[in-house]
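Hi everyone, thanks for coming.

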Amino acid sequence: MRIWGEAVVQLGLLLGLAPLVNGFIQRVKAAFQGRHGPSVLQPYFTLRKLWRRQDLRPQASTWLFATAPRLALSIALAAGIGIPLLWYPAPVGWGGDFIIVVGLLALERFVLALAALDTATPFGGLGSSREVTVGAMVEPALFAIALPWMLMAGGTSWAMLITASASIAPLDLVRFFALVAAVIVCLAETGRLPVDNPDTHLELTMIHEAMLLEYSGPQLAMASLAQMVKQLLLVAMVTDLLLPWRWGGPLAQVGISILLWFAAAFGLAVAESVSAKLRFFRLPAYLGTAVILSSAAAALQLWGGR
Amino acid sequence: MSAALCVTRLDAEALHATVAQRIGSEYRHLTTVVADDRDTNGGFRLDHVFYRPGQPGLELLRVHLSGNRPEIPSLVPLLPAVHWDEREAHDLFGVVPLGHPDPRRLVLPDNWPNELYPLRKDVPWDIQPPKSKGQDWSPLVAEGEGVVRIPVGPVHAGIIESGHFAFSTMGESVLHLDLRLFWKHRGIEKTLEGLHWSDAGTTVERTCACCSASHQAALAEAIEQLVEWEIPPRGAYLRTILLECERLYNHINDIAAIPAGASYAVASMEGTVLKERMLRLQGELFGHRYLFGTIRPGGVCRDLTTADIDRLRQELQQIRPLVERLGQRLLRHPGFMDRAQGTGVLSPSTARDLGAVGPSARASSVGWDLRKDRPTLAYHDLAPEVVTESAGDVLSRLRVRLREAVVSFALLDHLLVRLPHGPITTHAPEGAEEAHGIGVGCNESPRGANVHYLELRQGRIWRYRIRSASFANWPLLAEAVPGNLIGDFPLINKSFELCYACCDR
């Protein structure tokens with residue numbers, strides 16, 4: 001019973017906080033641009049507005065297009081109960097494994113890419129081709145971030161990874177390398193600069209947004225919410241994995257986690273504000289940096305004389 | 001006919017040889033104008049307007065085309081710059097350019113009836129023709145295995161004007177780009193016909209908000225040239241100040257727009273703030289943020305007091321280092337520089353052939369600038385330095401604007417310091433009310449040469465043609481984009497900063 005209770009709380013928190021984190025990032029970016037920016041609650045208002053709107057579909061599209069947003073949201077949420085968001089270990093034992101979470105995120109990308117192809121529009125094809133290209137580089141990089149801890153722990157479950165991470169010094173070089181790699185991966189995986197621009201209206205430059213271009217109304221709300229949930233998940237994963245210390249009682253631990261999420265979101269907003277978008281064919285070099293840093297961290301861990 | 005215009009009458013056979021001779025002796029083509037003269041001499045008049053650097057006068061090479069369905073061998077093989085002029089003349093007057101490489105419609109919508117030429121005198125200005133089959137505009141595309149066509153617009157995801165871009169792409173690379181504009185044609189030239197010249201200003205200045213002063217100055221120059229109207233020195237200086245202020249705020253705007261194309265929002269916002277500061281200053285000192293209603297034939301509408309001049313100089317002195325800082329911020333940003341360098345290259349030969357104007361031409365080492373080549377107003381006394389760059393890429397177009405902004409700051413300061421005393425306007429000379437003839441006004445707007453061709457009969461406008469800088473430069477975009485990544489299109493587009501309204505006139 002306790003597991004189910006925790007899962008429900010975790011899901012609620014994920015759904016409830018994901019738009020807030022997005023609004024917070026938008027607000028920080030606006031501040032960097034010298035603007036007031038919309039309220040941090042704006043994503044909630046936008047979702048509510050979209051929820052009431054009409055749902056239009058391209059004529060050529062099939063059930064795939066129609067079901068993809070709810071599938072994507074479900075997959076993101078499934079991944080969400082598979083990680084120890086607030087309590088260790090994760091609520092669902094089967095999902096308490098890093099590789100499954102990475103796999104679920106890949107599955108979500110796959111579903112949306114298929115749906116974008118299903119629209120039979122040039123932008124859908126453009127978006128899914130780009131998204132899958134980025135995905136092919138992001139997924140190994142995301143996987144590589146956990147590599148040092150996997151080697152140290154000799155396993156891939158969250159509990160083992162977190163214990164391993166907590167066992168080395170806070171300012172260890174391994175952690176530093178992995179953290180830089182994590183920032184690079186998070187920016188790419190959440191569709192942020194310098195990889196993708198979530199705020200652009202320029203169709204030709206879009207990656208993730210190009211896939212969602214044909215969606216409207218509740219469908220668009222769900223697809224956007226899925227992306228926000230995924231963003232919060234990544235932030236939570238990285239803070240769990242790389243900054244694993246929690247003190248005090250359960251409530252204090254939850255508070256620390258949430259504070260860390262917002263700190264990480266602030267970091268993402270800063271990184272985005274100082275960036276211009278990369279040329280598409282420069283992305284391998286950019287994402288390759290993350291893989292190299294993670295590999296360096298793993299090599300340090302293996303042969304670092306520990 | 002005033003002395004500033006030299007008309008050479010030719011027959012159609014002699015035209016090619018004469019144009020070739022003019023091009024050979026460094027004449028440059030400004031515009032090509034068709035007018036309906038069937039009431040007086042049973043045909044159409046075709047004027048090719050040329051100027052020669054260093055000479056104040058303009059030359060019109062005039063061909064008389066008789067009959068109701070005139071044809072003339074296309075000049076495009078000899079002078080590619082006239083390709084849009086000829087297509088427009090075909091659409092609006094039915095003057096058929098024989099052998100034009102691209103005879104598709106340019107201006108008229110698909111469902112406009114064939115054989116109905118709206119700028120002919122027998123077609124009323126408010127005609128609403130029944131929708132007809134007309135012609136199907138089909139884009140020029142690349143074909144082959146793996147080539148994907150991406151149509152974009154005329155409705156866009158953002159608040160952008162209406163343009164249709166037909167990309168043929170292979171993967172992420174653009175193989176070919178075809179443009180279609182003129183979605184919101186306003187018929188300004190037609191509505192001007194019949195107005196007295198003194199009533200034309202309100203319409204002409206609305207051709208385009210962002211080069212309104214330039215359009216007003218071109219109208220004023222055309223009238224002044226036609227009736228031999230001298231403007232007082234203070235009026236000439238103030239008009240120059242207006243033109244330079246317009247250049248400055250536009251350049252700041254364009255400098256801010258380019259990083260937006262590379263998603264570098266912080267720099268873009270920084271520039272936008274500076275532009276807004278210029279606009280507010282203009283609103284305060286000249287009475288209109290976009291300088292509407294500031295220039296009139298014979299001078300300018302509003303004088304600057306000593307306090308105004310001090311205020312303007314002070315503000316400009318404050319804004320100048322901020323613009324330079326923004327420039328440095330951009331030129332030192334590795335991510336932005338990587339996007340801008342080598343992107344959207346326009347070769348000097350293409351720029352020259354297609355008649356590129358303004359910063360886009362000067363970034364491809366075509367150093368054409370009417371302020372120096374055909375100085376009017378205060379440019380006689382204070383010829384500005386002509387800034388050129390050679391790479392022809394996005395970065396060059398940015399650099400040209402940055403350097404020209406610095407030049408304009410200095411120029412404005414000189415103008416304000418040396419502003420002569422005296423009246424700002426003079427009365428029209430005798431007989432101006434009933435003036436008869438042709439005047440051509442042209443000046444260097446922020447985007448390049450704006451050319452206005454004015455024909456009056458008894459003081460009323462018979463024919464008005466506006467050849468805007470953007471009209472000349474739009475075709476360049478289709479040349480600069482192929483070979484680049486499709487994701488770089490917005491960046492390239494913003495580096496040209498072309499105006500839709502200037503086409504839809």
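Strand 7 (residues 147-152) and strand 8 of chain B pair in the antiparallel sense over 6 bridges. Two strands count as paired if DSSP finds at least two bridges between them, and helices (H or I, at least four residues) and strands (E, at least two) are DSSP runs, numbered from the N terminus. Opposite Val147(B) you will find Met170(B) in strand 8 of chain B.

Before I go on, a word on the source: this is a predicted model, where local features need pLDDT of at least 70 and side-chain atom pairs count only at pLDDT 80 or more, while totals for chains, interfaces and linings use all residues. Residues are numbered from 1 along each chain as its sequence is written, with chains lettered from A and ligands numbered from 1 in the order in which they are written.

Back to strand 8 of chain B, which also pairs with strand 9 (residues 173-180) of chain B, in the antiparallel sense over 7 bridges. There, His164(B) has Arg180(B) as its bridge partner. Strands 8 and 9 of chain B form a hairpin with 2 residues between them, and Gly171(B) in the turn has a positive phi of about 65°.

In the loop between strand 7 and strand 8 of chain B sits Pro154(B), and a cis peptide bond joins Gly153(B) to Pro154(B), with omega about 5°. Chain A has a cis peptide bond too, between Leu193(A) and Pro194(A), with omega about 5°. As a reminder, most residues other than glycine have a negative phi, and most peptide bonds are trans. On the phi side, look at Leu291(B): its phi is positive, about 65°, although it is not a glycine. Leu291(B) is buried, with 25 other C-beta atoms within 10 Å.

Now the open sheet of chain B: 4 strands in the order 1-4-3-2, with mixed pairing. Which are the edge strands? They are strand 1 (5-10) and strand 2 (28-36) of chain B, each pairing on one side only. Strand 3 (residues 43-51) and strand 4 (residues 58-66) of chain B pair in the antiparallel sense over 9 bridges, and Gly43(B) has Ser66(B) as its bridge partner in strand 4 of chain B.

Over in chain A, let's look at helix 12. Its buried residues are Leu283(A), Leu287(A), Ala290(A), Val291(A), Leu293(A), Ser294(A), Ala297(A), Ala298(A) and Gln301(A). They cover an arc of only 150° around the axis, which puts them on the same side of helix 12 of chain A; the arc is that of the directions from the helix axis to the C-beta atoms. The face turned away from that buried side carries the exposed residues Ala285(A), Leu302(A) and Trp303(A).

Finally, where the chains meet, 21 residues of chain A are in contact with 24 residues of chain B, contact meaning C-beta atoms, placed from the backbone, within 7 Å.

Note on methods: Buried ≥ 20, exposed ≤ 12 C-beta atoms within 10 Å, placed from the backbone. Contact = placed C-beta atoms within 7 Å.
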